[in-house]
Every structure is written in structure tokens, then in C-alpha cells.
There are 4 protein chains.
Amino acid sequence: MSSEQKSQNKAPSGSVDSGITLINPHRKISGSDQANVKHIENATRRTSSGQTLRNEDAELFPEEGNGAGLQNAPTQETEHSHKSQEELQHESHISNLRQSVGLPDELPIAEQHEETERFNWPTFRLIFREPFAEFFGTFVMVLFGNGSVAQVLLSGRQASAPGGDGYGSYQSINWGWGVGIFFGIYIAGDSGGFLNPAVTLGFCLFRGLPWRRFPIYFLAQFLGGFVASGVVYANYINAIDQFEGHGIRTVAPSPTATASIFCTYPQPFLSKTSQFFSEFIASAILMFVVFALKDDSNPGAMGKTGAGALFPLGLFLLIFGLGISFGWDTGYAINLARDFSPRLMSYILGYGPGVWSAGGYYFWIPLVAPFCGCVFGGFLYDAFIYTGPESPLNKKWWGFKELYENSRRHQESKRLEKRRYDA
Amino acid sequence: MSSEQKSQNKAPSGSVDSGITLINPHRKISGSDQANVKHIENATRRTSSGQTLRNEDAELFPEEGNGAGLQNAPTQETEHSHKSQEELQHESHISNLRQSVGLPDELPIAEQHEETERFNWPTFRLIFREPFAEFFGTFVMVLFGNGSVAQVLLSGRQASAPGGDGYGSYQSINWGWGVGIFFGIYIAGDSGGFLNPAVTLGFCLFRGLPWRRFPIYFLAQFLGGFVASGVVYANYINAIDQFEGHGIRTVAPSPTATASIFCTYPQPFLSKTSQFFSEFIASAILMFVVFALKDDSNPGAMGKTGAGALFPLGLFLLIFGLGISFGWDTGYAINLARDFSPRLMSYILGYGPGVWSAGGYYFWIPLVAPFCGCVFGGFLYDAFIYTGPESPLNKKWWGFKELYENSRRHQESKRLEKRRYDA
Amino acid sequence: MSSEQKSQNKAPSGSVDSGITLINPHRKISGSDQANVKHIENATRRTSSGQTLRNEDAELFPEEGNGAGLQNAPTQETEHSHKSQEELQHESHISNLRQSVGLPDELPIAEQHEETERFNWPTFRLIFREPFAEFFGTFVMVLFGNGSVAQVLLSGRQASAPGGDGYGSYQSINWGWGVGIFFGIYIAGDSGGFLNPAVTLGFCLFRGLPWRRFPIYFLAQFLGGFVASGVVYANYINAIDQFEGHGIRTVAPSPTATASIFCTYPQPFLSKTSQFFSEFIASAILMFVVFALKDDSNPGAMGKTGAGALFPLGLFLLIFGLGISFGWDTGYAINLARDFSPRLMSYILGYGPGVWSAGGYYFWIPLVAPFCGCVFGGFLYDAFIYTGPESPLNKKWWGFKELYENSRRHQESKRLEKRRYDA
Amino acid sequence: MSSEQKSQNKAPSGSVDSGITLINPHRKISGSDQANVKHIENATRRTSSGQTLRNEDAELFPEEGNGAGLQNAPTQETEHSHKSQEELQHESHISNLRQSVGLPDELPIAEQHEETERFNWPTFRLIFREPFAEFFGTFVMVLFGNGSVAQVLLSGRQASAPGGDGYGSYQSINWGWGVGIFFGIYIAGDSGGFLNPAVTLGFCLFRGLPWRRFPIYFLAQFLGGFVASGVVYANYINAIDQFEGHGIRTVAPSPTATASIFCTYPQPFLSKTSQFFSEFIASAILMFVVFALKDDSNPGAMGKTGAGALFPLGLFLLIFGLGISFGWDTGYAINLARDFSPRLMSYILGYGPGVWSAGGYYFWIPLVAPFCGCVFGGFLYDAFIYTGPESPLNKKWWGFKELYENSRRHQESKRLEKRRYDA
């Protein structure tokens, strides 16, 4: 039996034998949960000589291969062997802390970056890296978004502007939010949160993002929008003073109202149903399209794997388009972190109770409708197009059976444990 | 003779011997018809040692390789072997149903997605997956498109808008339709329909898309536009009431007409010929450019394979550009699903017979002209630039000979069958 | 000696021995002249076992690999062997005809496309394929460009438009030309002409595009712009009639002038020098940036190979940007095919001698200045940044020595021939 | 022991044995300093047979592989061997000159380009290639930027424009600067300077760009902006004369002021603090986002390696977005080369001392604030997200320890040298 044949026989376990792990460490590192595990773990293609020629995954995302090479097995082993007991303990400590706040226990750091010794701060940062990314992503998004509203509103039709017609029009606001999410996604996109609690919910429900991660992402997103709107206020405080009068801050019906810099207010002619429907439909489109751009198995979609590296551009156009087509009625809030957080900030800054009562206590609509819309949009996509097994719609009894079995198994194990205890 | 040499001798049949099939399953799955078979089936490059190193095709579309690894032969064999007789029967049942409505008989689902047990609904969905994709693609396109018209028209020059000049201008409508087709293509693009019956026709005529698939795509596109315009109406019903007066719905000559939210109406100074020509020329450009973006063999085109992953962006700019350069005269309908379907919806919603009679019964122009224009545009591209064998212009006697021979062979076989019957 | 060692020894000639030619046929087919030969012919990387693992080139342009696999040696050989004597003669006939009009003698058709039998028309088309591509590229560019000017000019501030302010503004024209060149490049880009005789000149001078190809590209570009402006006129004839009055066609100082739909007219306050300078500087930027986007060896440029697949997008933004920053003075003609051809068309259509005399016989400026500007811009780039050997600035005595030696050698050979004749 | 096994045993040193160096020469050539060394030098993946199958790096930047194949070892050796002693001396002479002005000593030229003999000019150019690239990058950026301001300002609301409302609005200026930086980055991007001294500073501080390179980049950027604004003035001199009156040049409070074509002037209602804050926050966003787009190890960022080939597009949208959201207060200077250089030019051109005194001697703000902002933005990114070892925030005692040790070692070596001297 020649060596050639031998290695061929070993093929199924070849990647283990040769000590080469091609599981993308980037993915491992990024705390990829089910949502991101693209069913291609075992997809490594092999040549007849049993060599694992390419990480399939690296091919799908050619720019992602980074980590793959950085952490090939020998390096890893060396790394692990030269790690002191102390270091390993430290790492497992951090892992535990991460798990306790709902984050994946892998450290979100590339192997080769760990060689430098670290302080308390980098340690602390490692625990909260994804939420930090989510915070800054939302922060930058709202910075651009609220900034554009402020500039357009406050400079409206100013004759001394070049071109003689102010520093922007309504369309500038669409661009502003589009650019904002573009950079937000680059900063925090794939962490699973998508800068919007409603989208996070959609991923928890339909793509297996662990539920325990929802609260910390929610907090990060909420704070991102909150702080950003404060920075925008600080930046435009002189201009607001000049527009409204020093110290005067008013809400919508007032002719010099500037509260809409921060959050959305509905058009006066809208019924409550229409307010809700407008936010609902925009959020449904958001979720539906995000799932389409992320769907690597839709045979209809270009015969390719979703939007890939063009995903941030896709979201840019999505938010831009929503602003152009569904932005008038209620201002396409579609995001609690972009509406409720700044609204709270504006209340704190002295805009008065009008921020809550305006539009018939409209403020709860962009709190609730985006969640409903995103769930509906995600449902539509999965019901009609998505075939992946992580969607509950593709599970037996829509996942309820699994849920039931899990809970039964859980109770079983509890009972067993109890019996052992009693024994 | 060493093992190395041995494997080298086996080269020609190496890929079969080693049990590795690298025919992209994604392609197979996607029910790729002639139009999509990119003449590269047998293009797999081999090294001297008989290894099939890379699927060429995967290289062309680096993001498409997804399936390639997912369905390498061992997996497939295992899969097939562990499939019960019942399951296989079920699958062939679905295949038959798909074929009967004009769709390719392969199931449009990635192998690894089939492991979950399925209900009636997923089964039903598998039968109509491409039409569903085409429906939702057209749906989203018209949602963005009609939505942008509604927003611009109804909010026109509203002084309370940020910037003081309404929530958009004519250009916003161009952006809206552009964004709409961008996401439409991501949802349903390569299924062959392209969200427009006239483009489907062009692909049937010039790129070998099976004719039997035309009706179901047509229906899906028609319904997509129809439903979407209804949703837009529902979203802007308060605003339309405020603009026109409660319950009043009027067509073009009326100063508060809102019928143009749904479908196109021509400028009053146009002759019938000009109406037709305007739609004709825009549709011809559409088809010509789509063929150019999809042409992987045009040596003039960047020395590369068409627009590739930038195809949705290309169509975005195409529709945007058509709106900017050929959008005034008749509103660049260029698509029955975007004009006739919403027109019917607006008639049903109570806009009266004016939707048909306006512009001298203009409504038939965007029904007919796009088909003529797309055929002409496709003809131009194939006559002057395209060299692929699936175009009838590159066949002997423009494909008529083939047609004639096929029909003769068909009659022959019929006669034989009959004779056998009689015998 | 093991087989491993053997194959390693053969490495230098390995690719020949194994009968695999990995020279990208696409390139060969496309009649790539020096300008396009990217100095990577011999760049195929080899592993220690003498296998030619990947065509480097295919890696650079991952979407270009198409042909590579289509025409691997075995196929080619078979192809050649099954070609009849007649067919080969036919091919060489076409080659000769192509050469006589200045085109490369290779047939611009992918191998696998030739299997169908052909008529006279496909034969004729093969002779002129690149000029046809250049014609249609320029055609589509001017169609979008002139179309956008017509729409904006004729619909200016029309109150019945959605949004109440016409069907576009000056910026729409910038978008129109940008979109136009985007698709023009996809249709004809890399044929070397770039839809603009001045750019063709730059490539002839600085990138080794054969001079004999200039005339036929020039003609194709000229005709493309000429025909396209006629089509735009036909499309907007009713609207022009309504704007100017039936049958009345006037030039710039007239308040209802529509001649500027076709070609550029300068602002009245410009001196002749400023007219020239404005066109000169815009053309210089055009050439400089095109060379930058195409420069695969500039270490400054992103550490990558120029703009690659984003080249059409780059040109889109370039033309868009020129319109925004240098479009006022003289209308950024920067292209004879976009200015002189439509001007001639407008003269023929009855706009009178004013099309020539306007702006102090300005018409010659966009005929001459783009050539000067493109030469200067190309000179700047090559003098300060480009290091490739095909630029005369990187040759000894700026290529004059080579020129002199070539001509001397030519005379020598002539003299020898003559002597032989005399003998 | 078969040959297969043998080569497998050699695996660790295989790439050396076979004489194949796959270190990307492009990178070596580009004088990549620490900032660009992407920690992946030793990332080359190996198969079990010891073959170096792919340069990982080439996979990350698929379009960068260019050089990889061009300079595989055999070629290189041949090249070096046929280089005369004289040539090598010449090269080392250039290297020394480059080092003396703060540039990396590798020649910034691709190997295959050096075959042509060279004059004095190309030699001179090789010494200053990166600064030249930086100069022209900044030049083109300011050309587009200042050009767009000039066009919009001078043509403001001109009724004879197509569309009847001038040749652009404030938004055109945003597009202009966006397009400008897009091409600037393609011309000079990765040289480390990024067309902005404040960004260069950020890379020196946080990404290990050698400090000695700062001065020459600074000079190149300064001159680029200076010359470009002069060219814009030359282009629009007639128009300025017509707008202001022949020979009259005024600053901001004047109703016909054109000084703002060149540089930024603040809104009159701004306090000094707000002026500073506005520039500070915009610069901080700039640096933060640039670091995010360049961060290949952020697990949050799309699971990929930063923006990659879309980086120029990213910066386009960034500058565009800043103009839309933070462009009103002080005109988003955020760059000395874009504000101070043109301001100096305008002073020289006769705009009087107002260019310095306007806005309460505002001119120093965009000199100082961008540096502060960029340092803060870079600090934020590194403190919360970046984990790479070249950032001082990821070094022990924030790099001070290293600094201290370096200086101690330096003094030690000096003392030793002195002692040896004394001895």
C-alpha cells in the first residue's frame, strides 16, 4: 500500500492527523454563535492526496482568511506550550467573566496580538469587546444621523451658503443616516447586534443568536445612541441657541422646534394605526433585506453567497432608500437606539415633557413597532425563501418540539441530579 | 512506478476515480438552465498529478464556492445512502410538481439544509421557490419605487420639512427605484426573471431560458408589483386623504391627482409615437446593458467576466440613470410589473376609469413597448457583440434550422409512437 | 531518484511538458497589445513538485480566470485538430482583414464560442468587434449624457413634477454622464479606446497602444456620439418643439436655446485662454486619474493593483466629480466624441451656423484642448509616478533612441532588400 | 520511506529548501513600515507535503498578488546576478539618499520595471516617489474640493443653468471633496500619509509609522494643497472677476466674498470653543473610522479584513458624510493641507489680511484642532477596540517602558562607544 493510498484512506480524519486545524480562528475568536456558523465547518475540500488544500471558508470570504494562516496548528501549539500556567488561568478567568455577561467565552482577540503583556484595562476591554464595538458602531451611526438632521434643520435655506440654499436638504439626512450605518457596520456589524435591538431580536429568533447575548447588546446600543446625541447637541449648541433663542428648547408644533434633531416626530395628519404601520412596514423591510443580504444559500440571489463584502454598502443603500421611500410619515425610526435614546437625552437636556406627549404620546410607537416589524419581516423571509436549519420555521413543529424536548431533557437531568443528591 | 506517477497517469479520469465531483452543486441546485450554464462545466483545471485543484467556476465567482465544498462527493454519497426510500420518493414527487409548472426539476435547496424533517409548507415552498423569490424581488422593488413617488408627491415642497423644501425631489424617485431594484436583484436576481417580464422574454429569446418558465415568472412578477402598490397605498392613505380630500382619488389632469403614485402617465405634449419611442428606447438600453453586464466573454469589457458581484450595483445605476436621462416623457415604466400591476391596483382602489383613458389610452404603451424594446436591445447586443452559442443569432439560420429539425424529430417520434400504438 | 525529485528538476519547463498552457487565453483573445500586457506573462507560481498551481494572473483578476479554464491545452489541441483546413483558412482571412484596419490579428472570440457554424455577418462582426464595442460604448455614454441634459433643460422647474421643481437639476446631468461612462466602460472599456480619442491618444503615447489602431477607434467613437445624439433628439423632439416652438431651433444667447442639449457652450464671461485652460485642466485630470486607476505597480496606491474591478466605478466618480468641480466654465467636454459629433448632428438637424460661431468660434476648443490636456496629464503621471517600461519617459532618451534605431534598422532592411533586388 | 513522506518531514523548512520565497515583494518594495506589516509574515499555509501552496497575504488582498509571482526566487536571483556592480552601487546610493530624507531604504519600484536604463530624472524620482505620490494625491483632492466650492459659489442660483438653479448646491461640495479624496487615496493612499498631516500623525503615534517620515510627508501634503488651490484660482479667475469685480478680492463679511473658495470660515454665531470642538469632533471621527476601515483583526468588523479594496470608497463616503453632518459650523477643514495651504495661497493672491483675522483669528483652529482630534480619535479606537501590538496602548506601560529601555540601551551603547574611544 503506497503512501498515497494511505493518506487517501485517512481522508476523513486527515485534517486531525496532520495536526492542521483549519477551523477559521477568526470565527472562533469572534465568538461566532450559531448565527454565524455558516454550515461549512466540514466543507474543507481535499485533493486525492489527502491534503487539505484550502479552507473553503477562506474562499467564501477571501478577505477573511487572515486568521486562518495566523493560527495554523504548529504556531498554536507552540503558543499554547509557551503560555505559562498563570496566563492560561488569566485567560480562563476572562472567559468566565465574558460568559457571565452573556458573551461567548472565546477571547475576541487574534492569537498573534496576545504576545504583549497586558494591564488591567486591556483585560477589562477583552471582557466587553463586542459590546464596545456595538456601542461605538451605534455611536458613530447616530453621530452622523443626528448630525445631518441638525445641520439641515438649523441651516435651512440659509442664503449665505454656497449655492444660496442652505447647507443641505431633506435628502442630506438620508445620506447622513446611510453613511452612519455604513461605518457603524464596519465598526461592529457582524457581532450580531447590527446597531438595532430589533435586528438583534430577529437574529435571536431566526438565526440562533443566543438569547443571553441580547441584554448586553441592547445596553450597548442604547448607550451608543444616547451618548452620540449628546455629542451632536454639544456640537450644535451655538446654532440651536441662535435658532431657538438662548436657553429656549421646543418641540414640534413650535415654529422653531429643534427637538426633531434628536428623534422622530410623526406628521400631524397620521392616525395611530398609520403611525404604527409606517414603522412596522419599514422595520419589516429592514429585517427582510438584511436576511436576504446575509443569505448564502438562496439560489435566487445572484448564484453567490449573499452580499459578502458589499454588505455595508447594502445597508447604506437600505437605510438611504427607507429614508427616501418611507421616511416622511414617521421619520423611519425603526430603531430604539436611534429614537428612544436620543429622545431621553433631549428630555434631559431640557426639551420638556413634549418629547413624550407629542403626536399623541407617539414615543412608544418606535419603541414597539420595530420589534414587531422585524419579527414579521424575518418570518416572511424564512417562510418563503430561507432553507437553513437554524431557522425555527425549518425545524419540526417550528422548533417547539426541540424546545419541548430540551426542557424535558433539562427537567430529566435536574431530576437525576436531585435523585443523586437525595441518594 | 511510484505512487506519484501512478496518479499522474490517471489524470484524465482522476476526478472521477477519486470520487470528487467539483461540478458546482449550487449551480445544479439553482436549477440553472442554459442561460446560466456558463460553458465552463468542463473547465476544471488539473495539475500534472491529476488533482483537481480548484473549481474554475469557484474562482470566477469566489463567493459562490459555498456549495462546492458543502456537497463534496463523500457527503453526498452518505447523504444519498442514508436517505430512506420514502424520502427519495417524496423528493421526486416535488420534482415532478416543479416540472409541471415550468420550473427546473432539481430542488432549489442546498444539500446540507435538507437534514431537517419537513412539513407540508416547506414542501410547498420548495415547489415554488424561484417564483416566490421573483415575487418578493418585484415586491420590494415596487415598494421602494412607489413609496418614493408617494413621499415626494405628497410632501412636495412642505415648508415644515428639515431644509424647508419637502421630503424629496424628483431625483429621490430615481434613487428610490434604483435602491428598489438593487435589493430586488439580491432577493431574486439570477433566477432568470429579473423582476420584469420583458427582461425574462429577452433571456428566453437570446439566452436559452426555457420558455415554459416564462408564465410562472410572469405571474410572480405581476403579483409582486400588484401587492406592493397596495401596501404603499395602505402606508400613505392618511397622506393621500389629506392631499386629495377624504375619499377623493383623481388622475393626472386634476391638480391634486395622486394616481401617478402607482403608475406612469405621459407628459401631455407627447404624440403616441413619442410615447412608444420613449418606452422603447429605455427598454432597449435596459436589455442591452443587462446583457453587457452579464457577458463574461466580451473581450472589450474590462478583460474580466462582466460585472460579477457588482451586478446589483450595476442595475441600481442603470435604473437610476434611466430615470435621470429618459424619465421625463413617460416616466420610464419599462416594466409591466411596475406599471400595469399597480395601475390595476389603483383602479381597484377607486381611481376610476381615468387610469386607463389618460394620455389617450396610454396604458397599453408600457404593456407592449418594453417587450419590443427589450427584444430590440437584446438583438443589438447579440448582433454586434455577443459570441456565445446560446444566442440564436450565433446559430445556423438564426436557430430556425435547429427549430425545424427539432420539430421534425418531434413529429417523427410522435409518428413512431403512434405506429407502435397502432401495432 | 524519486519521482518527487524528478518533477522538481523539470520545474522550469514543467508547464510545457505537461501540456498545460496557462497563458490567459482571454488576454490572448482580446488582442491585448502592449498596453494591456501586465508584465506577468511568466509569473505562474510553481510548487516544489513542479505543478503549476495557479495562474497568478487569474488570482489578480479573480473574475478574469474564465477563459483560463475554458482553453486549457487538451481542449485547444482537440479543437485545432478537428478544425478543417477550410476553417483555418477562413480564420486567417479574417485575421488579415483585421490587421489591415489596424486591429490585432487574433480573433476576438472565446475558443468555445467558435463551435457554431457562422454566416457572413458574424464573420464581418469578428473583423470589427472592438470598434463595434467602442461604438456602442460611446453610444450608450452619450445617450445617457445628452439624455440627462435634455431632460433637465426641457423640464426645468416644471411645477407639475413630483416635488414641484422639474425633473432634475444641474446635478442630474453630472449623474447622467457618470452613469453613461460607467456602462460605456463595461461595454467597451479595455479595448484601449476608452470612449474618447484623447484618452486613446494618451494610451498610444504612454502605454504602447499601437498607433495604427487609433484611426478605427477614432471613427467608432465619433460615430457613437453622432448617432446617440440623433437618438436623443428623436426621443425629445416633442418636448423641444414645445420648448422652442415647432420647427424653431436656436443656440445659446436665445432664451429658449436647446442647442446645449447636444454639445457644450462656454459661459459668456470667459476669455479664450480660460476656455482653453478649463478644458485643458479637466482633460489632464482625466488622463492622470485613469493612469492612476490602471497602475498596478504604484506602491502608493493601496498596495494593490490599481482599481481592478472597481475601475468602471472609478470612472463614474471621475466624470461625476469633473462635472461638479470643473463643469461650469465650458461644460467639461473633454472629449471630441461627446462634443464635436453631437455638435455636427445638431448642425445637420437645423440649429444653424450658430453652433460653430457661438462663444467666439469656441467649437475648436473641445476639439484640441482635450488632446493637449490628456498628453500633459499622462506626461505628469509618468514623469512623477509611473515606472513601467512601456512609457517612453522610462526609456533611454525618452524612446527617441529606440525610435531612431528602429527607423535606422528599417532603412537598413530596405536598403538590403533593394540591393537584393538590384542583384 | 517514500518521497511523499520525506517531503512531509521537511515541512517546517520546506519553503526555504525549495528556494521559493513568497514574501510579497510588493510589500517589500512599498517600503512598508511597521504600520503596514500586517503581522502575517509567517502566515504562509502549508500542506502536508511541505508545499507552500498560497501566500496567505495574497489571499487577503487577492489583487495584491501581482508582485508575488513577479519576483519568485529564480527570477530574483537571475536579476541580481545580471546586475552589474555599478548598478548595485547606484541603487545603494539612492537608498542612502532616501533614508536621509526619512523614507524607507527599499526602492519603490517593481523588480520587473528596473530593466530599462535610467536617466538622472528617474533616479531623482525614485528618491522621492512616496512624497511625489502624496503631493499629487493631495493636489488632486484639493483640486476637486476647491473646484467644487468655486463652481457652486460663483454660479449660485444662475438662472441660465440647465434646471434653472445654478451649477450645484452645497451638497455638490460634499460630493466634490468625497470624489477628491477617493482619487487622492488611489494615487497615494497607502504611503502612510493619507493626504492629511493629522492622519499621518495618528499613524506615527498609534501604528508605528516612523516619525522621521512625518516631515517629508507634511511638506508634500502642504505643497499639494498649495499648488492645487492656485490652479483652481487660475481656472476660475474670469468667473471671480465677474463675481467680485475685476481685481477685487474680499473675505467673508463682504456680500461678494470669494475667499471661502480656498479655505474654511466659521459661521458668525460660533464661540471659539465651538469652533474648536467642531473641528475636533470631525477629526476624531475621521481618525476613528480610518482605523476601523484599516483594522484587519476586529472580530466585530464583518468577520473580514477591514474595508480592503473598498477603502477608497469608504473614505469617499466618510468625507462626504462629514460634510453632510458636520460641515456647517466650520466647514469641516480637518486638514491643514486643505485649509492652511490654500489660505496662504489666497493671501498671496491678494485677498488681504482678512484671511487671517476673520472669525476672530479663526485660522489657527484648523491648524491645531485636527491634530488634537485625530490623536483623540485614534486613542479611542485603540483603547476600546484595537488589539494589535504596534499600538502603544497595547504595550507595557503604554510603550513608555519600551521607550525608556530603548533610550537606556542607546545611552549604554553610547557609553560603551565612548569608553572604547577613550581606551
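## Chat notes

Modeller: Start with helix H10(C), which is mostly covered: 19 of its 19 residues are buried. Keep in mind that this is a predicted model.

Colleague: What span does H10(C) reach from its first C-alpha to its last?

Modeller: H10(C) reaches 27 Å, close to the 27 Å expected for its 19 residues at 1.5 Å a residue.

Colleague: What is the mean pLDDT of chain A?

Modeller: The mean for chain A is 77, and 73% of its residues reach 70 or more. Over residues 1–80 of chain A, pLDDT stays under 50. The model still has 180 contacts beyond four places in sequence for that stretch. Where pLDDT is low, the predicted coordinates should not be read in detail.

Colleague: Noted. How many helices and strands does chain A have?

Modeller: Chain A has 19 helices and 2 strands. Of its 423 residues, 67% are buried. Taking contacts in chain A between residues at least 6 apart in sequence, 72% join residues at least 24 apart.

Colleague: Are Asp382(A) and Arg207(A) buried or exposed?

Modeller: Asp382(A) is buried, and so is Arg207(A). Chain C has a salt bridge between Glu130(C) and Arg98(C), at 2.8 Å from N to O. Glu130(C) sits in helix H9 (residues 129–154) and Arg98(C) in helix H7 (residues 85–100), so this pair ties together parts of chain C that are 32 residues apart in sequence. Both Glu130(C) and Arg98(C) are buried.

Colleague: What about Asp165(D), which side chain meets it in a salt bridge?

Modeller: Arg157(D) does, at 3.2 Å from N to O. Salt bridges that share partners join Arg157 and Asp165 of chains A, B, C and D into one network. Asp165(D) counts as partly exposed at 24% relative accessibility, and Arg157(D) is partly exposed at 37%.

Colleague: Which residues does Asp165(A) contact, leaving aside neighbours within four places in sequence?

Modeller: Arg157(A), Gln158(A) and Arg157(D). Asp165(A) is in the loop between helix H9 (129–154) and helix H10 (170–188) of chain A. Its C-alpha is 8.9 Å from that of Ser155(A), 10 residues away along the chain.

Colleague: Last topic, backbone angles. What is phi of Tyr332(A)?

Modeller: Phi of Tyr332(A) is near 35°, a positive value in a residue other than glycine. Most residues other than glycine have a negative phi. Tyr332(A) is in the loop between helix H15 (311–325) and helix H16 (336–351) of chain A, and is buried at 6% relative accessible area.

Colleague: And where is Leu195(C)?

Modeller: In the loop between helix H10 (170–188) and helix H11 (197–206) of chain C. Leu195(C) has a positive phi, near 65°, and counts as buried at 0% relative accessibility.

Definitions and conventions: Residues are numbered from 1 along each chain as its sequence is written. Chains are lettered from A and ligands numbered from 1 in the order in which they are written. This is a predicted model: local features need pLDDT of at least 70, side-chain atom pairs count only at pLDDT 80 or more; totals for chains, interfaces and linings use all residues. Side-chain values use heavy atoms; hydrogens and water are left out. Helices (H or I, at least four residues) and strands (E, at least two) are DSSP runs, numbered from the N terminus. Buried means under 20% relative accessible area, exposed over 50%, partly exposed in between (1.4 Å probe, protein chains only). pLDDT is the predictor's confidence in each residue, from 0 to 100. Contact means heavy atoms within 4.5 Å. The expected span of a helix is 1.5 Å times one less than its number of residues. A salt bridge is a side-chain nitrogen of Lys or Arg within 4 Å of a carboxyl oxygen of Asp or Glu.
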